[in-house]
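Trainee: I have a new structure to read. Please take me through it, one feature at a time.

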Protein chains: 2
Amino acid sequence: MTLNGINYELLATDENGRHGKITTAHGIINTPAFMPVGTAGTVKAMTPDDVAATGAEVVLGNTYHLMLRPGAERVQKLGGLHSFMNWKNSILTDSGGYQVLSLAKRRTIEESGVTFKSHIDGAEIQLTPERSIEVQSLLGADISMVLDECTEWPISEVGAKASMERSMRWALRCKKTFKTKKGHGLFGIVQGSIFPKLRTESALHLEDIKFDGYAIGGLAIGEPQALMFEILEITTPFLPQNRPRYLMGIGKPSDIVGAVLRGIDMFDCVIPTRSGRTGQAFVRGGSLNLRNARHAEDKKPLDVTCDCEVCQSFSRAYLHHLVKAGEMLAGMLLTKHNLYYYQKLMVNLRAAIIEKRLKKFKKTFFDEQKIGPNLAGEFKMKES
Amino acid sequence: MTLNGINYELLATDENGRHGKITTAHGIINTPAFMPVGTAGTVKAMTPDDVAATGAEVVLGNTYHLMLRPGAERVQKLGGLHSFMNWKNSILTDSGGYQVLSLAKRRTIEESGVTFKSHIDGAEIQLTPERSIEVQSLLGADISMVLDECTEWPISEVGAKASMERSMRWALRCKKTFKTKKGHGLFGIVQGSIFPKLRTESALHLEDIKFDGYAIGGLAIGEPQALMFEILEITTPFLPQNRPRYLMGIGKPSDIVGAVLRGIDMFDCVIPTRSGRTGQAFVRGGSLNLRNARHAEDKKPLDVTCDCEVCQSFSRAYLHHLVKAGEMLAGMLLTKHNLYYYQKLMVNLRAAIIEKRLKKFKKTFFDEQKIGPNLAGEFKMKES
């Protein structure tokens with residue numbers, strides 16, 4: 001146990017897959033872990049109790065959204081983000097950088113930080129490494145992230161190098177600003193686009209500064225999955241074994257399985273929540289589009305092999321009806337199912353690592369993806 | 001106990017207030033009862049478990065919406081409305097008439113029924129008394145309603161008389177079509193606008209036909225509350241004591257309290273659900289508009305005297321934030337609170353009748369409305 005920062009124990013490995021346990025001020029996070037995204041102080045369409053019931057032990061909060069509305073100082077005044085949104089487990093906050101670069105109206109990047117206009121009211125705001133850490137501390141994050149620049153893809157090696165080097169200088173400024181206390185930690189973020197040399201350099205640089213954990217950023221921005229996996233294979237050997245590793249913004253179920261096989265411990269992504277609100281459900285073998293008329297009279301649950309509340313209670317026909325009628329309950333139920341699917345995937349990945357059958361798990365998972373989602377209703381029968 | 005239809009027992013009276021028990025094929029409905037509106041097979045923004053948890057023992061389903069989408073025959077094929085929407089308690093369906101007259105694109109009323117164009121796809125459809133009963137039976141309603149014409153207000157006495165008389169002829173056709181079976185009943189609907197003579201005539205006419213319960217229709221369409229109460233005072237003496245009485249589409253909490261005092265047993269209204277989705281919360285003394293900036297840093301729950309899940313877990317500040325940010329959770333939580341408020345009001349009204357203190361209950365309720373909702377946070381302190 002470390003007295004300061006967050007604690008991480010590596011408990012089991014299989015192939016390059018790792019099972020561990022992170023301890024923060026708000027409890028334990030079993031890894032590999034998936035973090036639902038709680039953008040503006042809510043995991044969209046879910047109550048915090050619903051989120052916890054899916055098995056989530058940590059959610060992600062967006063610094064950019066919360067600093068603009070309701071404001072970090074206000075959240076602190078109201079008792080911090082945990083109390084504000086009534087979430088009792090851990091919270092990881094991002095630095096705000098990614099959203100500033102993708103959502104804010106006009107933004108300019110300088111050595112000091114990023115200046116931007118709010119997408120809500122057009123107010124001009126500066127986000128520096130120091131302010132990002134301050135905001136995350138006001139929110140009361142268990143895990144804070146350094147401010148970095150997430151470069152676009154594709155980008156030239158020269159551009160990627162300059163950007164990565166500035167991100168490393170920002171990382172150091174974040175580390176200097178961050179006040180370590182028990183149960184609260186700061187993660188560095190490896191950048192360097194798709195260039196092995198830059199990724200290695202960045203990883204080693206961060207390790208010199210020393211962080212509570214190490215993230216891999218700048219992926220999930222349109223590059224092919226195989227390329228992402230390659231970057232992971234290049235980068236992870238340069239990350240310390242005794243600290244958690246977080247692949248930011250990833251991903252689809254197959255991305256997660258592939259990344260766990262390559263030694264990643266933590267994930268966050270809007271896919272299960274966002275796709276739930278647009279009528280998509282993740283099931284064994286792939287996903288279903290509930291808008292499709294073929295579900296209109298289908299009495300089967302989304303997935304007969306799923307033991308979530310939604311699959312125990314509602315038919316595809318009903319969910320199809322809700323989606324077509326534009327009912328809020330459609331988004332609520334599909335989000336609940338999708339987050340359960342993701343958490344169950346993590347449970348199964350952890351069990352596979354502990355029981356040393358990760359390779360077999362991978363084979364079954366990708367074989368089922370080949371069979372496709374249309375067979376999800378028939379898995380039970382095939383197995384019995 | 002009747003072997004056919006639904007059963008009603010009058011258990012206690014106080015002043016003109018009545019406490020009773022309706023037994024349908026799907027369980028008991030304690031009256032006075034409030035029925036949340038489940039328009040298109042879902043009480044908007046609520047899971048059926050959430051609805052049951054507020055204390056609701058019956059929900060209302062809209063024949064018009066369900067016959068257009070997903071279609072009554074389809075719902076039956078899928079096991080009926082209870083199974084389709086996973087609601088285990090009773091369901092009352094309206095006749096479709098009210099929505100046809102207010103929502104459908106073009107409609108013409110003739111003796112045979114109403115012909116209209118669907119607001120969804122413009123298809124021309126005829127709704128006759130016979131078809132309305134057939135649709136409600138396909139849906140599997142525990143309580144069906146006769147097709148009637150809800151006249152506009154104001155209307156001439158001549159117009160109101162002609163409309164009421166046609167509604168009575170339709171009521172008879174509905175009764176003839178309805179196949180009585182154990183646990184399933186049919187209610188007649190008193191019409192006659194604001195004209196005492198017509199209301200009396202209508203009530204007596206329906207009693208001749210004999211129904212499992214009697215509704216008062218044609219109110220909640222813009223007339224002043226005092227006028228509505230007057231109509232109730234005129235009408236209820238002509239309704240049988242041994243059958244439930246349902247005031248359709250009503251209302252605000254003060255409407256309900258006033259109507260219970262005048263002998264009404266059942267209510268339905270979209271106010272708690274719709275206003276929840278637009279940022280309004282019902283509390284002791286009135287209602288709060290959560291959009292209002294004065295809630296932005298208010299750590300108090302919506303109502304410190306409320307023991308609902310929302311008031312135990314979330315502050316006004318958080319709910320204000322969710323409303324401002326347009327988050328689905330705002331509508332989910334405010335709907336949950338509002339439906340709980342309504343059900344708790346019914347629980348309290350029933351207790352007041354049983355304990356013969358309805359007059360005192362009424363006085364306290366209306367005194368608190370005068371004090372206003374801004375004091376809702378201070379009631380606890382004042383009482384202790």
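Mentor: Start with one residue. A33(A) touches E57(A), V58(A), D265(A), M266(A) and M346(A), leaving aside residues up to four places away in sequence. Two residues are in contact if their C-beta atoms, placed from the backbone, lie within 7 Å.

Trainee: What kind of model is this, and how are its parts numbered?

Mentor: It is a predicted model, where local features need pLDDT of at least 70, side-chain atom pairs count only at pLDDT 80 or more, and totals for chains, interfaces and linings use all residues. Residues are numbered from 1 along each chain as its sequence is written, while chains are lettered from A and ligands numbered from 1 in the order in which they are written.

Trainee: Where does A33(A) lie, and is A33(A) buried or exposed?

Mentor: A33(A) is part of strand 4 of chain A, residues 33-38. Helices (H or I, at least four residues) and strands (E, at least two) are DSSP runs, numbered from the N terminus. Burial is a count: a residue is buried if 20 or more other C-beta atoms lie within 10 Å of its own, exposed if 12 or fewer, and partly exposed in between, with C-beta atoms placed from the backbone. A33(A) has 26 C-beta neighbours inside 10 Å, so it counts as buried. Sequence distance and space distance are separate things to check. A33(A) and D268(A) are 235 residues apart in sequence, yet their C-alpha atoms are 8.6 Å apart.

Trainee: How do I read strand pairing?

Mentor: Two strands pair if DSSP finds at least two bridges between them. In chain A, strand 2 (residues 17-24) and strand 3 (residues 27-31) run antiparallel and are joined by 5 bridges. I22(A) stands opposite I29(A) of strand 3. A hairpin of 2 residues links strand 2 to strand 3 of chain A.

Trainee: Which residues of helix 13 of chain A are buried?

Mentor: R316(A), A317(A), Y318(A), L319(A), H320(A), H321(A), L322(A) and V323(A) are buried. That is 8 of the 9 residues of helix 13 of chain A, residues 316-324, so this helix is mostly covered. The cover includes helix 14 (328-354) of chain A and helix 4 of chain B. Just after helix 13, G326(A) has a positive phi of about 65 degrees.

Trainee: Which other backbone angles should I look at?

Mentor: K356(A) is not a glycine, but has a positive phi of about 55 degrees. K356(A) sits in the loop between helix 14 and helix 15 (358-371) of chain A. With 13 other C-beta atoms within 10 Å, K356(A) is partly exposed. The peptide bond from I250(A) to G251(A) is cis, with omega near 5 degrees. G251(A) is in the loop between strand 13 (245-247) and helix 10 of chain A.

Trainee: Which domains does the assignment give chain A?

Mentor: Domain bounds come from an automatic or database domain assignment. Here it gives domain 1 (7-269) and domain 2 (278-383). Their C-alpha centres lie 28 Å apart. The contact takes 26 residues from domain 1 and 22 residues from domain 2 of chain A. On the domain 1 side, helix 10 of chain A gives the most, with 6 residues.

Trainee: How are the two chains related?

Mentor: Two copies of a chain are related by a rotation about an axis and a shift along it.

Trainee: Where should I be careful?

Mentor: Check pLDDT, the predictor's confidence in each residue, from 0 to 100. Chain A averages 95, and 96% of the residues score at least 70. Over residues 380-384 of chain A, pLDDT stays under 50. Where pLDDT is low, the predicted coordinates should not be read in detail.
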